[in-house]
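Reader: I would like a close look at a single part of this model. Please keep it brisk.

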Amino acid sequence: QVQLVESGGGLVQAGGSLTLSCAASGRTFRTYRMAWFRQAPGKEREFVATITWNTGITHYAESVKGRFTISRDNAKNTVYLQMNSLKAEDTAVYYCGSRERPGTGNYDYWGQGTQVTVSS
């Protein structure tokens with residue numbers, strides 16, 4: 001089992017920045033990929049960004065490319081999401097997920113989520 005705990009959410013003005021953290025514990029040695037997803041009220045959960053745990057290869061949703069940066073600290077078992085130039089439409093609950101198998105299918109573990117609210 002892997003436990004994921006997100007932190008760093010909050011209220012920020014449009015154009016501002018925020019950094020989310022996701023601390024992993026438990027059977028983290030089997031982690032292949034970690035990712036951030038988000039879910040706005042009344043909408044489905046959507047992909048934001050992902051990073052492979054060992055090689056650091058990243059991929060972003062078009063809506064955040066150039067504004068968000070995903071990174072990881074293997075020694076701390078933590079993945080980050082640096083969010084710049086935030087927009088009102090970035091308001092959502094942000095979830096961290098981890099996957100043990102190669103590929104980009106379903107994620108095995110999820111955190112509880114952290115709220116990000118961007119005021120316009």
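Which residue stands opposite Ala49 in S6?

Author: Tyr60 in S6 stands opposite Ala49. First, the basis. This is a predicted model, in which local features need pLDDT of at least 70, side-chain atom pairs count only at pLDDT 80 or more, and totals for chains, interfaces and linings use all residues. Residues are numbered from 1 along each chain as its sequence is written, and side-chain values use heavy atoms, with hydrogens and water left out.

Now strand S5. It spans residues 46-52; strands are DSSP runs (E, at least two residues), numbered from the N terminus. Five of its seven residues are buried, so S5 is largely enclosed by the rest of the structure. Buried means under 20% relative accessible area, exposed over 50%, and partly exposed in between (1.4 Å probe, protein chains only).

S5 pairs with strand S6 (residues 58-60) in the antiparallel sense, over three bridges. Two strands pair if DSSP finds at least two bridges between them. Five residues lie between S5 and S6 in their hairpin, where Gly56 takes a positive phi near 70 degrees.

Strand S4 (residues 33-39) also runs antiparallel to S5, joined by six bridges. Arg33 stands opposite Thr52. This hairpin has six residues between the strands, and Gly42 has a positive phi near 75 degrees.

Phe47 lies in S5. Phe47 is partly exposed, at 26% relative accessible area. Beyond its neighbours within four places in sequence, Phe47 is in contact (heavy atoms within 4.5 Å) with Trp36, Phe37, His59, Tyr60 and Ala61. Trp36 is 11 residues away along the chain, with 6.6 Å between the two C-alpha atoms.

Note on methods. Helices (H or I, at least four residues) and strands (E, at least two) are DSSP runs, numbered from the N terminus.
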